[in-house]
Amino acid sequence: MAVSVIVIRTQHLHGRLSFDNPNGVQKFHASPTPRIGGVPVVLGLAAAFLTAKFSQDDVGRLNGLLLLTALPVFLAGLVEDISKRVSPRTRLLAAFCSAGLAAAFTEAILPTLGIPGIDNLIGAWPFVGFVVTVFAVGGVCHAINIIDGYNGLMGGVALLVTAALAYVALAVGDLPILVVCLALAASIAGFLIWNFPRGLIFAGDAGAYLIGFLLAEISVLLVARHPGVVSPWFPLLLLIYPVFETLFSIWRRSKCKMEAVLPDSMHLHQMIYKKLVRWMVGSREAKHLTRRNSMTAPYLWGVTMCSVMPALLFWKAQWALQVCAVLFATCYVWAYHRLVTFRSPRSLVLRKSLGRKSPLR
């Protein structure tokens, strides 16, 4: 939290490099804002991990390895935040690099996926498990970055998922993983308090990719360290909102013959903003733009809770987790279709006007 305050208070010194220009298809904030929120997050994690190192050597070792292996994806994101010249493909490759290093040094490799056929391949060819793990971790990094679009959205979703992972780590008695979860939750909270609702600082690519990497690695470690106890479908259900958002976006763009990695303004959170929230305020005043922005995240927190709650209830029951995952995907497609076709439930549309004169009314 203290580092976030320093970043905000000194933005006049580094703004030329760190400001996020409000223009673009995925920009919905009122004024240029520092997008280097990943720096306070990584420093908070480093402080927590150093403390753990002195108190519990085995805990500190795992925490330190996770932070070191996260450096490639974090640095790639940070360079993009400052230079705006690192392509999505390069950042994705950096995520795969971090995932490979973590698999090699922490033995974070998925032993099973709970899918017949693929599990047989992983059992017969361990390298398949390595490749699947690297691909999955890199995909989660990218997915978390995709949902980083509005004040509090990514941070709130990540905090909910981290809390659920911490609960299961406590339930299985895994102290090192529990410490990682608590450190990550504290770092996210220290950033989130300045990001929501006023949007004084943004996570940027460095923050989003770092948080996505750690969420993915914690998930893999829980499954790998407790085979037969923690189902691989538990973290999948926890993260199904950003993961399915990514898969659905790839499919949607392929149908429109668009390149999968290019940004657009048709993600679920953007559709909620346009169809449910934007009509609340017609004014273009900065204070109204900021408030309108912040009203989007609670909708998606609710969406995340629809997967987090059943995941916590059924974290051992693989069949129940699979059923819930299918139900979530079905409901997502139905809700997205309703938003696109202007058939949103009236009870969900915010209609109260905050300005006296609203051109949209």
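How many salt bridges does a search of the whole structure find? The search finds 4. The structure is a predicted model.

## Salt bridges at Asp-205

Asp-205 forms a salt bridge with Arg-35, with N and O 2.4 Å apart. This pair links distant parts of the chain. Asp-205 belongs to helix 11, which covers residues 204–225, while Arg-35 sits in the loop between strand 2 (33–34) and helix 3 (38–55). The two residues are 170 residues apart. Both Asp-205 and Arg-35 are buried.

Asp-205 also forms a salt bridge with Arg-91, where the closest N and O atoms are 2.7 Å apart. Is Arg-91 buried or exposed? Arg-91 is buried, with a relative accessible area of 8%. Asp-205 has a relative accessibility of 7% and therefore counts as buried, since the cut-off for buried is under 20%.

Arg-225 and Asp-174 meet through their side chains in a salt bridge, at 2.8 Å from N to O. Arg-225 is in helix 11, and Asp-174 is in the loop between helix 9 (153–171) and helix 10 (175–195). The pair links distant parts of the chain, 51 residues apart. The two partners can be set side by side by accessibility: Arg-225 is partly exposed, with a relative accessible area of 38%, whereas Asp-174 is buried, with a relative accessible area of 4%.

Which residues do salt bridges with shared partners join into one network? The network consists of Arg-35, Asp-81, Arg-91 and Asp-205.

## Aromatic pairs

The whole structure contains 10 aromatic pairs according to the search. One of them joins Phe-248 and Trp-251: the ring centres are 5.7 Å apart and the planes are at 35°, so the pair is tilted. Phe-248 and Trp-251 are 3 residues apart in helix 13 (residues 240–255), and are therefore separated by about one helical turn. Phe-248 is buried, with a relative accessible area of 11%, whereas Trp-251 is partly exposed, with a relative accessible area of 49%.

Phe-248 also pairs with Tyr-332. Why is the pair of Phe-248 and Tyr-332 edge-to-face? The planes of the two rings are at 70°, and planes over 60 degrees apart count as edge-to-face. The centres of these rings are 5.3 Å apart. Phe-248 lies in helix 13 and Tyr-332 in helix 17 (residues 318–340), so this pair ties together parts that are 84 residues apart in sequence. Tyr-332 is buried, and its relative accessible area is 4%.

Phe-248, Trp-251 and Tyr-332 are among the members of one aromatic cluster. Phe-244 and Tyr-336 also belong to the cluster.

## A nonpolar surface patch

Leu-68, Leu-71 and Leu-75 make a nonpolar surface patch of about 270 Å². Leu-71, one of these residues, lies in helix 5, which covers residues 71–83. Is Leu-71 buried or partly exposed? Leu-71 is partly exposed, with a relative accessible area of 35%.

Conventions
Residues are numbered from 1 along each chain as its sequence is written. This is a predicted model: local features need pLDDT of at least 70, side-chain atom pairs count only at pLDDT 80 or more; totals for chains, interfaces and linings use all residues. Side-chain values use heavy atoms; hydrogens and water are left out. Helices (H or I, at least four residues) and strands (E, at least two) are DSSP runs, numbered from the N terminus. Buried means under 20% relative accessible area, exposed over 50%, partly exposed in between (1.4 Å probe, protein chains only). Rings of Phe, Tyr and Trp (its six-membered ring) pair if their centres lie within 6.5 Å; planes under 30 degrees apart count as stacked, over 60 as edge-to-face and the rest as tilted. Patches are made of residues with over 30% relative accessible area and no salt bridge: like charges are joined within 9 Å, nonpolar side chains (Val, Leu, Ile, Met, Phe, Trp, Tyr) within 5 Å. Accessible areas come from the Shrake-Rupley method with a 1.4 Å probe; for residues, only the protein chains shown count as cover.
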